[in-house]
Amino acid sequence: MKQQPENQQQPSLYLEVCFQNEEPRLPLHTSIVLFLLSYCECKFFKVYLVFKKPSSSESLRSQLPEHLDSSDVQSEALPQLVRDCRLPAVLDETGQLCRAGLAVVLRHIINKTIEADPSRNDVLALLGFKKTCLKACAEVSRWTRLCEIEIPSAVEEHLQNPANDDQQVPLSILTLERRLAEPVRVHNDDKIRRRKLQEQRREESAESQENLDSESEPGQSSQACDGLELRAALAKLSVDSVPALATRENSEIRKVKTADLPPLEHVFAEGLYFTLTDVVLLPCIYQYLCSLQARAAATLHHLPHLLRWYGRVQEVPGVLRAAKACGLLLSIPQAPTSGLPILSAEDNPTSLPVEEEEGREMAPEVPFVGGPRPTMTKLKENGIEAVFTPHPCPSWTLPWESLPGAINPTEGKMSNIRAVRKMQQLNNLVAMVTELARPGYTIVDFCSGTLLTVGIFLSLLKVILIENKEESLVRAQSRSAELGLKNIGFIQANLDYFTGPFHIGVSIARMPTDNATEDCKYAGFPFCFYLTSNCTRFLSLFQEHMILCRFADQTAVQLPPDRRLIGKQCMGLVDLDRSWAAETHGYSVQVMTMEPESCSPKNNMLVGRPLKVGNGAGTSGIVLQAS
């Protein structure tokens with residue numbers, strides 16, 4: 001088995017190999033990446049198949065594209081940044097920037113393919129409208145979570161235990177089926193819908209002139225309309241289709257109200273156009289359908305829209321070639337797919353269900369009136385009030401004059417007032433880190449990008465910056481290279497994909513803060529739940545808790561002073577909620593106000609420490625949060 005070379009000559013792509021019945025096999029996320037590499041004909045990466053125990057990829061060669069430059073590597077031989085992440089992952093030429101997670105890696109492959117060959121419009125189209133396909137992270141986008149995590153996970157579970165599923169379709173697959181049954185909502189769809197209406201009327205006129213004695217065969221109109229939508233879809237891939245769609249409608253069609261236009265049907269997962277989402281779903285649905293054909297073919301009749309999508313995807317140029325190269329022998333299962341109804345949002349309210357916490361009953365929808373004061377009074381009567389710890393070093397400041405200009409906020413594009421406030425925020429965060437850090441500690445910055453300052457000021461520390469936005473991370477890496485820093489690593493990933501050990505975690509934004517504390521829990525560090533607390537046992541309505549959270553955001557300087565004060569009190573209760581949740585897991589948490597208070601409307605800072613050294617991860621841990 002080959003070992004990972006020390007000097008990176010080209011980006012390295014790491015793909016997991018798992019085992020089933022002691023035989024190596026490719027998990028779905030690896031198959032998806034290989035399928036995209038084959039579709040894009042991308043040769044930009046050196047591919048490493050990662051094994052957790054001694055084995056070889058020889059038995060997997062039929063599932064690897066022939067052009068792939070691949071080697072086998074043991075998981076313990078991986079570079080540290082890659083070892084800290086869930087696979088798939090890409091390590092750049094410098095060895096300091098790692099991209100991890102399925103959506104992040106797939107988008108990077110597409111961008112590198114376009115960078116190498118700008119004429120690949122078919123690859124560019126995969127990124128969708130405004131290049132946003134699967135860009136939103138799974139923590140905030142239910143659609144990304146469904147396609148990137150839930151469907152692959154459900155299919156993997158089904159493949160490992162097919163007999164246990166009987167004939168029940170996984171919830172995530174049903175959600176996709178319902179989504180495909182809904183009318184399409186795409187940018188500037190008015191023109192396509194008018195074209196569809198024009199074709200419908202032309203067809204009706206032709207039928208009338210021929211004096212048909214019998215009604216049209218079932219599904220005929222649907223199939224004709226489906227042809228229009230397919231031409232619109234393929235217009236992205238074939239220039240020949242564009243003139244037919246660009247024909248101007250007659251005046252009668254132009255007068256029809258938008259609400260009276262016929263809906264558009266799904267051709268692909270996100271509507272009319274073949275995107276990265278379809279690339280992700282195809283290997284998953286292929287494996288699932290193959291399993292159903294072998295064990296529960298009757299279940300196919302419950303998935304008519306999914307089967308039609310499956311057939312349409314195979315009509316896209318390059319898909320069959322790429323699938324064959326990866327050992328995906330695509331075929332269309334036999335099931336009725338014509339004359340399918342389009343469901344409205346009212347008909348299909350559960351197309352994207354909101355997941356409920358296991359064992360938790362949703363509160364009844366009772367209207368809540370009165371603002372936060374009644375809730376605050378109720379909590380106070382039960383002895384619950386926001387508690388703030390005095391700041392231990394309110395006047396501490398970084399030596400900004402002696403630090404490189406590349407990390408000084410005043411050197412950026414922000415206004416002077418904002419730059420001063422950013423410097424004050426950094427003073428607070430770095431003050432706490434310097435007080436708690438020890439030589440050799442690893443510090444992880446969750447999504448805030450502030451620790452370039454720490455990396456310079458405390459060169460004996462190892463610093464890891466985790467950020468989902470590629471632009472921000474590349475900018476930070478460029479500054480780090482400019483300053484010659486060697487103790488900083490960069491990871492572009494959702495927080496869920498980071499699994500490495502660390503001693504101190506820092507987050508400066510609310511959404512990353514709540515997810516970062518969840519990561520800290522599993523690593524043996526402080527964590528808090530945004531909506532799970534001891535407070536809620538005193539609140540009769542879920543809405544009471546929600547209204548506290550809503551008013552906690554109302555601390556902007558332009559608001560009246562009394563309203564800002566209420567917002568500050570609500571924010572204190574929410575952070576008290578977080579600190580109590582952390583304390584139930586063995587941590588001591590302090591809530592304090594950053595100095596000066598004017599440095600940010602969200603000026604609360606949480607500092608948590610494990611009560612016992614070696615809790616969870618075997619080291620002392622601290623989490624700093626600014627909310």
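**View 1. The largest nonpolar core.** The largest nonpolar core runs to 96 residues, and Leu-13, Leu-37 and Trp-309 have the most contacts inside it. Helix H11 (residues 276–295) supplies the largest share of this core, 11 residues. A nonpolar core here is a set of buried Ala, Val, Leu, Ile, Met, Phe, Trp, Tyr and Cys residues joined through side-chain atoms within 4.5 Å; buried means under 20% relative accessible area (1.4 Å probe, protein chains only). Helices are DSSP runs of H or I with at least four residues, strands are E runs of at least two, and both are numbered from the N terminus.

This is a predicted model, so local features need pLDDT of at least 70 and side-chain atom pairs count only at pLDDT 80 or more, while totals for chains, interfaces and linings use all residues. Residues are numbered from 1 along each chain as its sequence is written, and side-chain values use heavy atoms, with hydrogens and water left out.

**View 2. Around Trp-309.** Leaving aside residues up to four places away in sequence, Trp-309 touches (heavy atoms within 4.5 Å) Leu-180, Val-267, Phe-268, Ala-269, Asp-278, Leu-281, Leu-282 and Ile-285.

**View 3. Strand S7, covered on both faces.** In S7 (residues 97–100), Leu-97 and Arg-99 are buried on one side, and Cys-98 and Ala-100 are buried on the other. S7 pairs (at least two DSSP bridges) with S6 (residues 89–91), antiparallel over three bridges, and Arg-99 is the bridge partner of Val-90. S7 also pairs with S10 (residues 488–492), this time parallel over three bridges, with Ile-491 as the partner of Cys-98.

Key. Buried means under 20% relative accessible area, exposed over 50%, partly exposed in between (1.4 Å probe, protein chains only).
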